[in-house]
Amino acid sequence: MMTLPTDAASIANDFDLARLPPQFYVDPYPFYRALREQAPVKRMPDGSWFLTRYDDILPVYRDPKVFSSDKKKEFGPKYGATPLFEHHTTSLVFNDPPLHTRVRRVILGALSQRHIAAMEPGLVALVDGLLDDMGRKGRVDLIEDFAASIPIEIIGNLLGVPHAERGPLRSWSLAILGALEPVLTPERAAAGNGAVVEMLSYLSALVESRRAHPGNPDTDVLTRLIEGEADGEQLTEAELLHQCVFLLNAGHETTTNLIGNALHALTQWPEERVRLIAHLSDGGLLKSAVEEFLRFESSNQLGNRITTREATVGGVTLPPESRITVCIGAANRDPAQFPDPDRLDLAREPNRHIAFAYGIHTCAGMNLARLEARIALASFLARFPHFTLDGEPTRGGRARFRGFLHLPANVHGSVAARIA
Ligand code: HEM
């Protein structure tokens, strides 16, 4: 069995994103701390760079001209001429202006506050239905029975995917995002490529039917994406389909993990849980609590950029075409920005976390994710304040997306807890 060296210098020295020890997936934060302290601009064996300090990462996000999101150079060798390559290099997140600007405008138009507010009643009803089902069962999986069921319905509604056709969305999403892991195994590549092909074929039929029967662009996001902006900004067919694939994925696993990680964190921090429950009726703590869950266990832990010219980061000069991994999870635990960073403090203020990144690529769905988390957590805790874990949680086993695959729980609490 691999053992973890205990001193920070050895941890930082041995760190290699391509060969992570099992302990990393359970608790990456000691690794991040060692890197921040010993090697904040860490050169990996493959020549890429790993950044862990908040103050080094922010300037990278701020300067998209020097720190590009265009992944064609990096993904060419990684994926070859495959559906995964075509998908990732067409989606807005892995592009620079001007393509990024054009696509982002259309997406932001479709994810406006008005669209999001219109989703709230449906979201409340959905969550209430899930809570009813869980209440009847007692023993549940907080991921399968709750956290994962919310975003899949919301994103399904967002694009108007009929209920009966939503079954494969979660596995497609897990397969496509799984292929973004630092190490691409042949199995991950095959699953990811298969999922892109199936998703594109499904979505092109959906788009075709929506073109034939357009919805109201004020309320129907897919119609809005098809029609583009009023001043004539339209997406090509391939751009449209790939952004839909991306939206379905971007809004799914990340939000599932936010809700799942938050519920798990509350079982580990009983005093914070009592505090949150005490403030549920006045809503005082809920907003800052969601921000703290986003910081504390960021569901998207890693991001990537490539330098377009020589650049200095944290005092280190990087040559052009340097591949950079920015570690959101480490920046969000940086004591230089967050006092006592390993403590969950639901009232933390200020809390300038970068769970949604920063700069021109800041998450376009962040307000939707926040709304989903607020409603899910408030309703859950109001109904099941005594919930307990009931079995061994199963982690997702990924470096980039941090969350649980299964979180067995008893929503009515253990017998001991109920007697107490
Ligand atoms: C807790 C939930 C979420 C987290 C933690 C999250 C995180 C992120 C991060 C870190 C990025 C920036 C990636 C980069 O540039 O390297 C991003 C981009 C994006 N996210 Fe999210 N996301 C979440 C939920 C959502 C939802 C619900 C949607 C849509 C329904 C969404 C849509 C997008 C889009 C469209 C982008 C690309 C923005 C651009 O490139 O301009 N996300 N997200």
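**Reading strands, rings and a cavity**

Me: Arg43 stands opposite Trp49, a residue of E2. In which sense do E1 and E2 pair?

Reply: Start with the general idea. Backbone hydrogen bonds join the strands of a sheet, in a parallel or an antiparallel sense. Now this case, which is a predicted model. E1 and strand E2 (residues 49-51) are antiparallel, and three bridges connect them.

Me: What is the strand order of the sheet?

Reply: The order is E1-E2-E8-E5-E3. The sheet is open, has five strands and shows mixed pairing.

Me: On to the rings. How many aromatic pairs are there?

Reply: The structure has 14 aromatic pairs. To classify one, look at the angle between the planes: under 30 degrees is stacked, over 60 is edge-to-face, and the rest are tilted. Take Phe15 and Phe24: the ring centres are 6.1 Å apart and the planes stand at 50 degrees, so this pair is tilted.

Me: Are Phe15 and Phe24 buried or exposed?

Reply: The cut-off for buried is under 20% relative accessible area. Phe15 has 3%, so it is buried. Phe24 has 2%, so it is buried as well.

Me: Why is the pair of Tyr29 and Tyr32 classed as it is?

Reply: Apply the angle rule again. The planes of Tyr29 and Tyr32 are at 80 degrees, so the pair is edge-to-face, with the ring centres 5.7 Å apart. Both residues belong to helix H3 (residues 29-38). They are three residues apart, about one turn of the helix. Tyr29 is buried at 5% relative accessibility, and Tyr32 is buried at 1%.

Me: Which residues do the ring pairs link into a cluster?

Reply: The cluster contains Phe15, Phe24, Tyr25, Tyr29, Phe31, Tyr32 and Phe50.

Me: Which charged end sits over the ring of Tyr29?

Reply: That of Arg333, 3.6 Å from the ring centre. Another case is Arg273: its charged end sits over the ring of Phe387, 4.2 Å from the centre.

Me: Last topic, the cavities. How many of 30 Å³ or more does the structure hold?

Reply: Three. The largest cavity has about 900 Å³ of space. It is lined by 47 residues, and those closest to its centre are Val93, Phe246, Ala250, Asn300 and Cys363.

Me: What classes of residue make up the lining of the largest cavity?

Reply: The lining of that cavity has 27 nonpolar residues, 14 polar ones and six charged ones.

How values were computed
Residues are numbered from 1 along each chain as its sequence is written. This is a predicted model: local features need pLDDT of at least 70, side-chain atom pairs count only at pLDDT 80 or more; totals for chains, interfaces and linings use all residues. Side-chain values use heavy atoms; hydrogens and water are left out. On a 1 Å grid over the protein atoms alone, a cavity is a set of points where a 1.4 Å probe fits but cannot get out, and a pocket is an open set with protein on both sides within 12 Å along at least five of seven lines; lining residues have an atom within 4 Å of a point. Grid points are joined across faces, edges and corners, and a volume is the space filled by probe spheres set on the points. Ala, Val, Leu, Ile, Met, Phe, Trp, Tyr, Cys and Pro count as nonpolar, Asp, Glu, Lys and Arg as charged, and the others, Gly among them, as polar. Two strands pair if DSSP finds at least two bridges between them. Helices (H or I, at least four residues) and strands (E, at least two) are DSSP runs, numbered from the N terminus. Rings of Phe, Tyr and Trp (its six-membered ring) pair if their centres lie within 6.5 Å; planes under 30 degrees apart count as stacked, over 60 as edge-to-face and the rest as tilted. Buried means under 20% relative accessible area, exposed over 50%, partly exposed in between (1.4 Å probe, protein chains only). A charge sits over a ring if NZ of Lys or CZ of Arg is within 6 Å of the ring centre and within 35 degrees of the ring normal.
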